[in-house]
Structure formats: C-alpha cells, structure tokens
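This report describes how parts of one predicted model are arranged. Please consult the sequence and the structure while reading.

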Amino acid sequence: MADNGTSHMQIDYESGEKVYLQIARIIRDRIISGELPVGAQIPSGNQMKQEWGVNRLTGAQAVEELRKVGLVVTRPGVGTFVAAMPALQAVVMRPGDRVISRMPTEEERVRLGTGYLTPVLVITRSDGRVEQYNAAVTVCQSQRLAQHAGPA
C-alpha cells in the first residue's frame with residue numbers, strides 16, 4: 001500500500017492534547033482511511049513505544065479510547081484488532097449554511113459516539129436550524145456537487 005502520510009505521524013507534545021488521545025486519533029484515522037481494515041491488528045504496545053516513544057500505560061489508554069467507541073476489540077494474549085469501520089455520511093450544504101468544528105459536550109459525546117478524541121461539526125442552516133454531526137465520519141458537500149453525483 002502506498003504511504004499516504006499517516007504512517008509516521010508524530011506526537012505533538014506542545015499541543016496541550018493528551019498523548020494517548022493523539023495516538024488514539026492517529027490509529028482511528030488509519031482505520032477510517034482503510035490503512036487498518038477490519039480484522040487488522042493495531043500497533044502493539046512495543047510498536048507504539050518504537051513509533052511514538054510512549055510507555056505501555058499510554059498505549060493502553062489509547063486502546064481503551066478506541067475500544068470505548070467500538071472500533072477495536074482485544075483478544076488477551078493475542079492483540080487488539082479493528083472491529084468496525086465507521087460508516088461515512090454526507091451532509092449537503094446549501095447556500096447560507098455555516099459549519100464550525102469544536103470539541104463535543106458530554107451529552108454530544110454520548111449521543112454522537114465521538115469518544116474524547118473526535119470533534120463535532122455544528123451546521124447552522126440558513127433558516128436557523130442547528131444540526132450536529134460526528135466529525136470523524138461526516139463529509140460536507142455542496143448542494144451543487146450532491147446534485148451532480150446522482151443517486152448513491
């Protein structure tokens with residue numbers, strides 16, 4: 001498989017984001033991109049140490065975040081494997097709609113299944129209605145592109 005740039009993502013210790021959340025996000029992004037398909041083993045604690053220089057506890061915290069959102073399952077003594085591929089949803093944006101991204105509230109985290117590492121997209125429609133979506137599995141497309149794409 002070609003290197004799509006996600007293989008050697010670095011941890012940003014200056015970002016203020018906890019290291020285990022950064023690792024969980026990197027692995028989640030690899031799952032979403034297909035680099036780690038369903039059934040694939042995610043990096044082990046030793047591999048995480050080699051790639052990101054983190055200890056076992058940090059790696060275990062990252063795995064726990066992925067397990068909480070149902071992306072991985074652990075088989076004791078064997079490893080941790082991708083259990084699910086999040087389904088992508090397309091949201092059509094129309095003239096006058098606005099979108100922002102922010103971290104979810106606790107209620108949004110539960111309702112949208114974002115866990116602690118995924119932002120929420122907040123779309124304010126031109127008529128004032130507000131919609132919220134899990135940013136990890138949502139793509140926004142213009143009304144014009146949606147019309148040209150035809151039926152899915």
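## Contact between helices α1 and α3

In this predicted model, the residues of helix α1 that meet helix α3 are Val19, Tyr20, Leu21, Ile23, Ala24, Ile27 and Arg28. On the α3 side, the contact is formed by Thr58, Gln61, Ala62, Glu65 and Leu66. Sorted by class, the contact of α1 with α3 comprises 8 nonpolar, 2 polar and 2 charged residues.

## Geometry of the helix pair

Helix α1 covers residues 19–33, and helix α3 covers residues 56–68. The two helices pack at an angle of about 50°, and their axes lie 8 Å apart. Because of this angle, α1 is described as oblique to α3. The crossing of α1 past α3 is right-handed.

## The antiparallel sheet

Elsewhere in the model, 3 strands make up an open sheet, arranged in the order β4-β5-β6 with antiparallel pairing. Which strands stand at the edges of the sheet? They are β4 (98–102) and β6 (130–134). Each of these has a single partner strand, so one side of β4 and one side of β6 are left without a neighbour in the sheet. From one strand to the next, the twist averages 25°.

## Pairing of β5 with β6

Strand β5 consists of residues 120–124. The pairing of β5 with β6 is antiparallel and extends over 5 bridges. Within this pairing, Val120 stands opposite Asn134 of β6.

Technical notes
Residues numbered from 1 in each chain as written. Predicted model: local features only at pLDDT ≥ 70, side-chain atom pairs only at ≥ 80, totals over all residues. Heavy atoms only, no water. Axes fitted to C-alpha atoms, helices over the stretch in contact; angles between N-to-C directions. Helix = DSSP H or I, 4+ residues; strand = E, 2+ residues; numbered from the N terminus. Parallel < 35°, antiparallel > 145°, perpendicular 65-115°, else oblique. Left-handed = near helix turned anticlockwise from the far one by under 90°. Contact = heavy atoms within 4.5 Å. Nonpolar A, V, L, I, M, F, W, Y, C, P; charged D, E, K, R; others polar. Pairing = 2+ DSSP bridges.
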